[in-house]
Amino acid sequence: MTQHSPMQTKRSHTGDPMLKKILTLIITIGWSCSVIQLTNAQGMGFGTGEGLPEFDITNLTGDLYRFRSLRHFGMFLVTPEGIILVDPTNSRVAPWLREQLDERFGLPVRYVIYSHAHNDHASGGEAFADTATFIGHENMRKNLMRPEENTPLLPRERLWDANQDGLIQQVEAEGTALENNFSQADTDGNGGLNRTEIWARQFSGSQIPPDIYYSDHAKITLGGKTVELHYTGRNHTDDMTVVLFPEERIIYTVDFLTPKRPPRTQLHGGFVRDWVESLHQVEQLDFDVISPGHELPGTKADVTEQREYLEQLVAAVSTGIDEGKNKEELVETILMENYDHLIEYDLSRPLNVDGAYEMLVSQYPR
(Lines give C-alpha, C1' and ligand atoms only; values in the text may rest on other atoms or scores of the structure.)
Protein backbone atom coordinates (compact mmCIF):
# COMPACT_ATOMS: atom_id res chain seq x y z
CA MET A 1 0.00 0.00 0.00
CA THR A 2 1.31 3.43 -0.89
CA GLN A 3 0.31 6.98 -0.04
CA HIS A 4 -0.51 9.14 -3.06
CA SER A 5 -1.67 12.61 -3.99
CA PRO A 6 -5.25 13.44 -5.03
CA MET A 7 -6.19 12.38 -8.53
CA GLN A 8 -5.77 15.19 -11.03
CA THR A 9 -7.25 13.73 -14.20
CA LYS A 10 -11.05 13.75 -14.43
CA ARG A 11 -12.83 11.74 -17.10
CA SER A 12 -16.39 10.73 -17.83
CA HIS A 13 -17.39 7.21 -18.80
CA THR A 14 -21.12 7.71 -18.60
CA GLY A 15 -21.48 6.60 -22.21
CA ASP A 16 -19.83 3.25 -21.51
CA PRO A 17 -22.42 0.46 -22.04
CA MET A 18 -20.87 -1.62 -19.25
CA LEU A 19 -21.15 1.31 -16.84
CA LYS A 20 -24.80 1.78 -17.77
CA LYS A 21 -25.36 -1.90 -17.08
CA ILE A 22 -23.71 -1.57 -13.66
CA LEU A 23 -25.73 1.52 -12.83
CA THR A 24 -29.00 -0.11 -13.88
CA LEU A 25 -28.23 -3.18 -11.76
CA ILE A 26 -27.31 -1.18 -8.69
CA ILE A 27 -30.27 1.17 -8.86
CA THR A 28 -32.64 -1.76 -9.45
CA ILE A 29 -31.25 -3.57 -6.43
CA GLY A 30 -31.42 -0.39 -4.39
CA TRP A 31 -34.99 0.48 -5.21
CA SER A 32 -36.21 -3.05 -4.56
CA CYS A 33 -34.56 -2.86 -1.16
CA SER A 34 -36.11 0.53 -0.48
CA VAL A 35 -39.64 -0.74 -0.96
CA ILE A 36 -39.05 -3.44 1.65
CA GLN A 37 -37.31 -1.02 4.01
CA LEU A 38 -39.95 1.69 3.72
CA THR A 39 -42.66 -0.87 4.42
CA ASN A 40 -40.66 -2.08 7.37
CA ALA A 41 -40.11 1.41 8.76
CA GLN A 42 -43.77 2.30 8.48
CA GLY A 43 -45.36 -0.97 9.52
CA MET A 44 -43.01 -2.74 11.89
CA GLY A 45 -40.87 -0.06 13.48
CA PHE A 46 -37.83 1.82 12.25
CA GLY A 47 -34.52 0.00 12.11
CA THR A 48 -35.71 -3.50 12.99
CA GLY A 49 -34.54 -5.05 9.74
CA GLU A 50 -37.52 -7.40 9.87
CA GLY A 51 -38.46 -8.71 6.44
CA LEU A 52 -34.97 -8.17 5.00
CA PRO A 53 -32.49 -10.91 4.06
CA GLU A 54 -30.18 -11.49 6.99
CA PHE A 55 -27.15 -12.21 4.81
CA ASP A 56 -26.59 -12.15 1.06
CA ILE A 57 -24.00 -11.33 -1.60
CA THR A 58 -24.60 -9.39 -4.82
CA ASN A 59 -22.17 -9.11 -7.72
CA LEU A 60 -22.01 -5.47 -8.82
CA THR A 61 -19.65 -5.81 -11.77
CA GLY A 62 -16.68 -7.95 -12.69
CA ASP A 63 -14.91 -8.95 -9.49
CA LEU A 64 -16.60 -6.39 -7.22
CA TYR A 65 -19.30 -7.55 -4.79
CA ARG A 66 -21.63 -6.10 -2.15
CA PHE A 67 -22.63 -8.16 0.91
CA ARG A 68 -25.48 -7.56 3.33
CA SER A 69 -26.17 -7.96 7.03
CA LEU A 70 -29.80 -6.74 7.22
CA ARG A 71 -29.58 -2.94 6.76
CA HIS A 72 -25.75 -2.91 6.70
CA PHE A 73 -23.64 -3.45 3.58
CA GLY A 74 -19.94 -4.08 3.08
CA MET A 75 -17.97 -4.74 -0.11
CA PHE A 76 -15.15 -6.92 -1.40
CA LEU A 77 -12.97 -7.07 -4.49
CA VAL A 78 -11.61 -10.40 -5.70
CA THR A 79 -8.12 -10.49 -7.23
CA PRO A 80 -5.89 -13.38 -8.34
CA GLU A 81 -3.77 -12.90 -5.20
CA GLY A 82 -6.54 -12.57 -2.65
CA ILE A 83 -9.51 -10.48 -1.57
CA ILE A 84 -9.74 -6.85 -0.46
CA LEU A 85 -12.62 -6.53 2.02
CA VAL A 86 -14.27 -3.29 3.13
CA ASP A 87 -16.02 -3.26 6.52
CA PRO A 88 -16.37 -6.72 8.12
CA THR A 89 -19.52 -5.21 9.71
CA ASN A 90 -20.08 -7.40 12.78
CA SER A 91 -19.23 -10.69 14.43
CA ARG A 92 -22.40 -12.38 13.18
CA VAL A 93 -21.97 -11.81 9.46
CA ALA A 94 -18.17 -12.08 9.30
CA PRO A 95 -17.87 -15.86 9.94
CA TRP A 96 -20.63 -16.48 7.39
CA LEU A 97 -18.83 -14.27 4.89
CA ARG A 98 -15.54 -16.07 5.52
CA GLU A 99 -17.22 -19.38 4.68
CA GLN A 100 -18.77 -17.93 1.54
CA LEU A 101 -15.48 -16.50 0.31
CA ASP A 102 -13.69 -19.79 0.92
CA GLU A 103 -16.37 -21.78 -0.91
CA ARG A 104 -16.83 -19.42 -3.86
CA PHE A 105 -13.30 -18.21 -4.50
CA GLY A 106 -10.85 -20.28 -2.44
CA LEU A 107 -8.82 -17.13 -1.79
CA PRO A 108 -7.76 -15.49 1.50
CA VAL A 109 -8.73 -11.99 2.54
CA ARG A 110 -5.46 -10.07 2.28
CA TYR A 111 -6.67 -6.59 3.29
CA VAL A 112 -9.51 -5.35 5.49
CA ILE A 113 -10.30 -1.66 5.04
CA TYR A 114 -12.33 0.12 7.71
CA SER A 115 -14.67 2.93 6.72
CA HIS A 116 -14.57 4.16 10.35
CA ALA A 117 -14.28 2.80 13.87
CA HIS A 118 -17.94 2.41 14.89
CA ASN A 119 -18.65 -1.13 16.00
CA ASP A 120 -21.64 -1.66 13.70
CA HIS A 121 -19.31 -1.53 10.69
CA ALA A 122 -15.82 -2.34 11.98
CA SER A 123 -16.49 -5.38 14.18
CA GLY A 124 -15.99 -8.95 13.05
CA GLY A 125 -12.45 -8.63 11.76
CA GLU A 126 -11.35 -11.59 13.87
CA ALA A 127 -12.77 -13.85 11.14
CA PHE A 128 -10.02 -12.65 8.79
CA ALA A 129 -7.19 -11.90 11.21
CA ASP A 130 -5.14 -14.95 10.25
CA THR A 131 -4.56 -13.69 6.69
CA ALA A 132 -5.41 -9.98 6.53
CA THR A 133 -3.71 -6.65 7.07
CA PHE A 134 -6.10 -4.09 8.57
CA ILE A 135 -6.13 -0.49 7.35
CA GLY A 136 -7.88 2.65 8.59
CA HIS A 137 -7.58 6.39 8.94
CA GLU A 138 -5.12 7.64 11.53
CA ASN A 139 -7.89 9.07 13.74
CA MET A 140 -9.11 5.53 14.40
CA ARG A 141 -6.13 5.11 16.71
CA LYS A 142 -7.49 7.49 19.33
CA ASN A 143 -11.14 6.60 18.72
CA LEU A 144 -10.51 2.97 19.62
CA MET A 145 -8.76 3.89 22.88
CA ARG A 146 -11.06 3.45 25.88
CA PRO A 147 -11.36 6.76 27.78
CA GLU A 148 -10.30 6.94 31.40
CA GLU A 149 -13.16 6.67 33.89
CA ASN A 150 -12.82 10.33 34.90
CA THR A 151 -12.87 11.67 31.33
CA PRO A 152 -15.35 14.59 31.15
CA LEU A 153 -18.39 14.57 28.91
CA LEU A 154 -17.98 16.00 25.40
CA PRO A 155 -19.38 19.51 24.74
CA ARG A 156 -22.56 18.24 23.10
CA GLU A 157 -23.15 15.74 25.91
CA ARG A 158 -22.82 18.54 28.45
CA LEU A 159 -25.86 20.16 26.82
CA TRP A 160 -27.86 17.11 27.94
CA ASP A 161 -26.45 17.09 31.48
CA ALA A 162 -29.19 19.24 33.04
CA ASN A 163 -28.10 18.69 36.65
CA GLN A 164 -24.42 19.11 35.72
CA ASP A 165 -23.25 16.07 37.65
CA GLY A 166 -21.05 14.80 34.82
CA LEU A 167 -23.41 11.91 34.03
CA ILE A 168 -26.35 11.51 31.68
CA GLN A 169 -29.34 10.10 33.57
CA GLN A 170 -32.14 8.33 31.72
CA VAL A 171 -34.44 11.33 31.95
CA GLU A 172 -31.68 13.52 30.49
CA ALA A 173 -31.14 11.00 27.68
CA GLU A 174 -34.74 11.26 26.48
CA GLY A 175 -34.80 12.57 22.92
CA THR A 176 -31.04 12.13 22.48
CA ALA A 177 -28.92 9.53 20.71
CA LEU A 178 -28.42 7.84 24.12
CA GLU A 179 -32.07 7.07 24.72
CA ASN A 180 -32.16 3.60 23.17
CA ASN A 181 -30.79 0.69 25.20
CA PHE A 182 -29.93 2.98 28.08
CA SER A 183 -29.93 0.27 30.75
CA GLN A 184 -27.53 -1.93 28.76
CA ALA A 185 -25.15 0.99 28.34
CA ASP A 186 -25.22 1.72 32.09
CA THR A 187 -22.73 -1.02 32.87
CA ASP A 188 -22.00 0.06 36.43
CA GLY A 189 -25.71 0.30 37.21
CA ASN A 190 -25.54 3.72 38.85
CA GLY A 191 -28.34 5.20 36.76
CA GLY A 192 -26.12 7.52 34.74
CA LEU A 193 -23.82 7.23 31.73
CA ASN A 194 -20.27 8.56 31.99
CA ARG A 195 -18.00 9.32 29.04
CA THR A 196 -16.55 5.79 29.05
CA GLU A 197 -20.00 4.17 28.90
CA ILE A 198 -21.08 6.52 26.13
CA TRP A 199 -17.91 5.72 24.17
CA ALA A 200 -18.57 2.00 24.56
CA ARG A 201 -21.93 2.28 22.80
CA GLN A 202 -20.20 2.98 19.48
CA PHE A 203 -16.58 1.90 19.83
CA SER A 204 -16.52 -1.05 22.20
CA GLY A 205 -16.68 -4.26 20.20
CA SER A 206 -14.48 -6.77 18.43
CA GLN A 207 -12.72 -4.22 16.23
CA ILE A 208 -9.17 -5.29 15.46
CA PRO A 209 -7.07 -2.09 15.41
CA PRO A 210 -5.54 -1.20 12.05
CA ASP A 211 -2.06 -2.49 11.30
CA ILE A 212 -1.59 0.43 8.91
CA TYR A 213 -2.88 3.99 9.35
CA TYR A 214 -3.05 6.54 6.54
CA SER A 215 -3.65 10.30 6.68
CA ASP A 216 -5.14 11.86 3.53
CA HIS A 217 -4.95 9.49 0.56
CA ALA A 218 -3.68 5.97 0.07
CA LYS A 219 -4.03 3.08 -2.34
CA ILE A 220 -3.80 -0.68 -2.18
CA THR A 221 -2.62 -2.73 -5.15
CA LEU A 222 -3.18 -6.48 -5.12
CA GLY A 223 -3.27 -8.96 -7.98
CA GLY A 224 -3.19 -6.21 -10.60
CA LYS A 225 -6.17 -4.37 -9.07
CA THR A 226 -6.17 -1.06 -7.19
CA VAL A 227 -8.37 0.34 -4.45
CA GLU A 228 -8.05 3.96 -3.30
CA LEU A 229 -8.69 5.35 0.19
CA HIS A 230 -9.72 8.99 0.54
CA TYR A 231 -10.11 11.05 3.69
CA THR A 232 -12.51 13.89 2.90
CA GLY A 233 -12.52 15.43 6.38
CA ARG A 234 -14.77 15.28 9.41
CA ASN A 235 -18.42 14.37 8.91
CA HIS A 236 -20.33 11.64 10.76
CA THR A 237 -16.99 10.92 12.47
CA ASP A 238 -13.46 12.29 12.27
CA ASP A 239 -11.99 9.00 10.95
CA MET A 240 -14.17 8.31 7.90
CA THR A 241 -12.72 6.75 4.75
CA VAL A 242 -14.30 6.90 1.30
CA VAL A 243 -13.24 3.82 -0.65
CA LEU A 244 -12.90 4.25 -4.42
CA PHE A 245 -12.76 1.36 -6.88
CA PRO A 246 -11.32 3.30 -9.85
CA GLU A 247 -11.64 0.63 -12.52
CA GLU A 248 -15.30 0.08 -11.66
CA ARG A 249 -15.88 3.82 -11.01
CA ILE A 250 -17.73 3.03 -7.79
CA ILE A 251 -17.27 4.51 -4.31
CA TYR A 252 -18.28 3.06 -0.95
CA THR A 253 -19.54 5.53 1.63
CA VAL A 254 -20.96 4.91 5.10
CA ASP A 255 -23.32 6.86 7.36
CA PHE A 256 -22.33 10.39 6.29
CA LEU A 257 -23.57 9.81 2.72
CA THR A 258 -26.58 7.59 2.02
CA PRO A 259 -28.22 8.37 -1.33
CA LYS A 260 -31.90 9.33 -1.29
CA ARG A 261 -32.06 9.47 2.52
CA PRO A 262 -31.36 12.36 4.89
CA PRO A 263 -28.47 12.00 7.30
CA ARG A 264 -29.51 9.61 10.04
CA THR A 265 -31.69 11.15 12.75
CA GLN A 266 -29.73 13.40 15.14
CA LEU A 267 -26.52 13.24 13.11
CA HIS A 268 -25.02 11.31 16.04
CA GLY A 269 -21.65 12.70 17.16
CA GLY A 270 -20.75 14.34 13.87
CA PHE A 271 -19.34 17.68 12.78
CA VAL A 272 -22.05 19.40 10.81
CA ARG A 273 -20.17 22.33 9.22
CA ASP A 274 -17.24 20.09 8.28
CA TRP A 275 -19.75 17.57 6.92
CA VAL A 276 -20.74 20.00 4.16
CA GLU A 277 -17.13 20.46 3.09
CA SER A 278 -16.57 16.71 3.23
CA LEU A 279 -19.38 16.22 0.70
CA HIS A 280 -17.78 18.92 -1.48
CA GLN A 281 -14.62 16.80 -1.45
CA VAL A 282 -16.55 13.66 -2.44
CA GLU A 283 -18.02 15.54 -5.40
CA GLN A 284 -14.47 16.07 -6.69
CA LEU A 285 -13.68 12.34 -6.80
CA ASP A 286 -13.74 10.56 -10.15
CA PHE A 287 -16.65 8.10 -9.93
CA ASP A 288 -20.15 7.46 -11.22
CA VAL A 289 -21.89 5.16 -8.70
CA ILE A 290 -22.21 5.17 -4.90
CA SER A 291 -22.59 1.80 -3.19
CA PRO A 292 -23.38 2.86 0.39
CA GLY A 293 -23.14 1.10 3.74
CA HIS A 294 -26.91 1.45 4.13
CA GLU A 295 -29.93 1.48 1.88
CA LEU A 296 -29.98 2.75 -1.70
CA PRO A 297 -27.14 2.94 -4.18
CA GLY A 298 -27.00 6.14 -6.20
CA THR A 299 -24.97 8.50 -8.35
CA LYS A 300 -22.91 11.66 -8.01
CA ALA A 301 -26.14 13.68 -8.22
CA ASP A 302 -27.07 12.22 -4.84
CA VAL A 303 -23.88 13.65 -3.34
CA THR A 304 -24.87 17.10 -4.53
CA GLU A 305 -28.38 16.68 -3.13
CA GLN A 306 -27.01 15.65 0.28
CA ARG A 307 -24.57 18.54 0.30
CA GLU A 308 -27.26 21.05 -0.60
CA TYR A 309 -29.58 19.60 2.05
CA LEU A 310 -26.94 20.04 4.75
CA GLU A 311 -25.98 23.50 3.51
CA GLN A 312 -29.59 24.64 3.78
CA LEU A 313 -30.01 22.94 7.16
CA VAL A 314 -26.89 24.56 8.62
CA ALA A 315 -27.81 27.99 7.23
CA ALA A 316 -31.36 27.83 8.59
CA VAL A 317 -30.33 26.61 12.03
CA SER A 318 -27.49 29.14 12.26
CA THR A 319 -29.86 31.97 11.37
CA GLY A 320 -32.33 30.77 13.98
CA ILE A 321 -29.64 30.65 16.66
CA ASP A 322 -28.54 34.19 15.76
CA GLU A 323 -32.17 35.30 16.11
CA GLY A 324 -32.32 33.84 19.61
CA LYS A 325 -34.66 30.95 18.82
CA ASN A 326 -34.46 27.82 20.91
CA LYS A 327 -34.19 24.26 19.65
CA GLU A 328 -37.89 23.51 19.90
CA GLU A 329 -38.82 26.57 17.85
CA LEU A 330 -36.36 25.60 15.14
CA VAL A 331 -37.62 22.03 14.98
CA GLU A 332 -41.14 23.36 14.45
CA THR A 333 -40.25 25.92 11.78
CA ILE A 334 -37.35 24.48 9.72
CA LEU A 335 -39.27 22.08 7.47
CA MET A 336 -36.81 21.41 4.60
CA GLU A 337 -39.85 20.86 2.36
CA ASN A 338 -37.81 20.64 -0.84
CA TYR A 339 -36.52 17.30 0.43
CA ASP A 340 -39.77 15.64 1.51
CA HIS A 341 -39.23 13.01 -1.21
CA LEU A 342 -36.29 11.50 0.65
CA ILE A 343 -36.65 8.17 2.44
CA GLU A 344 -37.56 8.60 6.13
CA TYR A 345 -37.90 12.37 5.72
CA ASP A 346 -40.66 12.55 8.35
CA LEU A 347 -38.49 10.71 10.84
CA SER A 348 -35.17 12.38 10.14
CA ARG A 349 -36.06 16.02 9.40
CA PRO A 350 -36.94 17.11 12.98
CA LEU A 351 -34.08 15.12 14.46
CA ASN A 352 -31.66 16.59 11.90
CA VAL A 353 -32.67 20.08 13.03
CA ASP A 354 -32.28 19.03 16.66
CA GLY A 355 -28.84 17.57 16.03
CA ALA A 356 -27.61 20.48 13.92
CA TYR A 357 -28.66 22.91 16.68
CA GLU A 358 -26.74 20.97 19.33
CA MET A 359 -23.64 20.65 17.15
CA LEU A 360 -23.57 24.32 16.21
CA VAL A 361 -24.08 25.47 19.79
CA SER A 362 -21.51 23.07 21.29
CA GLN A 363 -18.85 22.81 18.57
CA TYR A 364 -18.86 26.28 17.05
CA PRO A 365 -19.55 28.73 19.90
CA ARG A 366 -20.30 32.28 18.83
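F55 is partly exposed in this predicted model. The relative accessible area of F55 is 23%. This value falls between the limits of 20% for buried and 50% for exposed.

F55 also takes part in an aromatic pair, and its partner is W96. A pair of aromatic rings is described by the distance of the centres and the angle of the planes. For F55 and W96, the centres are 5.1 Å apart and the planes meet at 25 degrees. Planes under 30 degrees apart count as stacked, so this pair is stacked. The two residues belong to separate elements: F55 lies in strand β2 (residues 55-61), and W96 in helix α2 (residues 93-105). The pair therefore ties together parts that are 41 residues apart in sequence.

Across the whole structure, a search finds eight aromatic pairs. Among them is the pair of F67 and F76. Its geometry is tilted, with 6.5 Å from centre to centre and 35 degrees between the planes. Both F67 and F76 are buried. Ring pairs also join F67 and F76 with Y65 and F105 in a cluster.

The charged end of R66 is placed over the ring of F73, at 3.7 Å from the ring centre. The charged end of R141 lies over the ring of Y213, with 4.0 Å to the centre.

R156 is found in helix α5 (residues 155-160). Its relative accessibility is 8%, so R156 counts as buried. A polar atom of the R156 side chain lies 3.0 Å from the backbone oxygen of Q266. Beyond neighbours within four places in sequence, R156 is in contact with several residues, including L267, H268, G355 and E358.

Terms used:
Residues are numbered from 1 along each chain as its sequence is written. This is a predicted model: local features need pLDDT of at least 70, side-chain atom pairs count only at pLDDT 80 or more; totals for chains, interfaces and linings use all residues. Side-chain values use heavy atoms; hydrogens and water are left out. Rings of Phe, Tyr and Trp (its six-membered ring) pair if their centres lie within 6.5 Å; planes under 30 degrees apart count as stacked, over 60 as edge-to-face and the rest as tilted. Helices (H or I, at least four residues) and strands (E, at least two) are DSSP runs, numbered from the N terminus. Buried means under 20% relative accessible area, exposed over 50%, partly exposed in between (1.4 Å probe, protein chains only). A charge sits over a ring if NZ of Lys or CZ of Arg is within 6 Å of the ring centre and within 35 degrees of the ring normal. A polar contact is a pair of N or O atoms within 3.5 Å; within protein, one must be able to donate a hydrogen and the other to accept it, and residues adjacent in sequence count only if both atoms are side-chain atoms. Contact means heavy atoms within 4.5 Å.
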